[in-house]
Structures are given as structure tokens and as C-alpha cells.
Amino acid sequence: MKRDEQTFISLYEKVYKELYRYALCIMRNPHDAEDCVSEAVLKAYEKMASLRAEEAFKSWIFTILANVCKKKLKDMSKRGEETIEGREEVGSSVNYDLPLDLQKAFMVLSNQERQIIGLSVYGGYNSTEIAAILKLNQNTVRSKRSRAYARLRLFLE
């Protein structure tokens, strides 16, 4: 696909809220989420020529974002920064209409559970696609997703 600024912008405008919501649920910090989305968008724009079809843009950019978030979390743990559980709570920045109770509910999930739920809810992926993105077994994804939904239900009740 040709690297065209207008095409990229129009495709990005369709998914930017979901990208931010996903990054926020993984990073649990609005500033880190914004950084991850910015980095993912920059990488996506630079590699726009490798995208074969516009229809694949959403899954393609979500995969890039998932990798950026994973790398940032890994780098933070290597540098000895605070663990994700000890970081600033979500809600101090723009939240794109994500309810506060749902933001807090995500905090009871493990990082991997947040990734799975985020890709499922915000990305619209099925278990096969999530398994490919996260390099997990499909059955593992399904069972972790089921347990995570159960934990969310308990928290929200």
C-alpha cells in the first residue's frame, strides 16, 4: 500500500479511541498510554508501505500497539521502575468515555488478562487472532478471557 498521509489519517481517525483505551488498560497510566499510542502511530506511519490492504489497518496497528506496550513494560521492569500495580491510577487524563468503574475493574486483572480483554473488547479480535498477536495457544486465550470476564463481573457487582 502506498504511504499516503491522508489515507493514514482517515484510517487512524476510525481507531484512535480504541487504541488509547487498549493502551490505557494495559499501561494503567494515561501518560504511558499516550506515549505508547504515539510510538505505535509513528511506527505504523513509517511502515505504511508494508500494509497490503486498508481493511487490515485496524488489526495491523493494534498488533503494533500491543508490541509497543509489551516492550515498554519490559523496559520499565528492567530499569527497576515501579511495577504496574504501584503506579498512578487511571483517570487523571482524557479517558475517551471509559467509565471510571470499568477503569478500576481493569486494575484487578493481570497484565496478560488486560491484554486479552483489551484486544477482545477494544480491538474486536477473536481468540484465534488474539493468540496469534500474543503468541499464545488459542485454548489458553479462551480460558484466560473467561476467567478475566468472571473477575470483572465480580468486581463490578
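**Exercise 1.** Compare the end-to-end span of helix 1 in this predicted model with that of a straight helix, and find where helix 1 bends.

*Solution.* Start with the length: helix 1 has 23 residues. At 1.5 Å a residue, a straight helix would reach 33 Å. Now check the ends: the end C-alpha atoms of helix 1 are only 28 Å apart, so the span falls short. Next, look along the axis, and you'll find a bend of about 55 degrees at Val15. Finally, step just past helix 1, where Arg28 has a positive phi of about 60 degrees.

**Exercise 2.** Work out what kind of aromatic pair Phe8 and Phe57 form, and which parts of the chain the pair ties together.

*Solution.* A pair of rings is described by two things, the distance of the centres and the angle of the planes. The cut-off for pairing is 6.5 Å between centres, and planes over 60 degrees apart count as edge-to-face. By this rule the model has seven aromatic pairs. Phe8 sits in helix 1 (residues 5-27) and Phe57 in helix 3 (residues 57-78), so the pair ties together parts 49 residues apart in sequence. As for cover, Phe8 counts as buried at 6% relative accessibility, and Phe57 is buried too, at 2%.

**Exercise 3.** Decide which parts of the model to read with confidence and which with caution.

*Solution.* Begin with the overall score: the mean pLDDT is 83, and 85% of the residues score at least 70. Then go by element: helix 2 (residues 30-46) has the highest mean, 94, while helix 4 (residues 100-106) has the lowest, 73. Last, look at residues 83-96, where pLDDT stays under 50. The model still gives that stretch 40 contacts beyond four places in sequence.

**Exercise 4.** Sum up the fold in a few numbers.

*Solution.* Count the elements: seven helices and zero strands. Then check burial: 41% of the 157 residues are buried. For contacts between residues at least 6 apart in sequence, 71% join residues at least 24 apart. To finish, the protein exposes about 8,600 Å², with carbon and sulfur atoms supplying 49% of it.

How values were computed: Residues are numbered from 1 along each chain as its sequence is written. This is a predicted model: local features need pLDDT of at least 70, side-chain atom pairs count only at pLDDT 80 or more; totals for chains, interfaces and linings use all residues. Side-chain values use heavy atoms; hydrogens and water are left out. Rings of Phe, Tyr and Trp (its six-membered ring) pair if their centres lie within 6.5 Å; planes under 30 degrees apart count as stacked, over 60 as edge-to-face and the rest as tilted. Helices (H or I, at least four residues) and strands (E, at least two) are DSSP runs, numbered from the N terminus. Buried means under 20% relative accessible area, exposed over 50%, partly exposed in between (1.4 Å probe, protein chains only). pLDDT is the predictor's confidence in each residue, from 0 to 100. Contact means heavy atoms within 4.5 Å. The bend at a residue is the angle between axes fitted to the seven residues ending there and the seven starting there. Accessible areas come from the Shrake-Rupley method with a 1.4 Å probe; for residues, only the protein chains shown count as cover.
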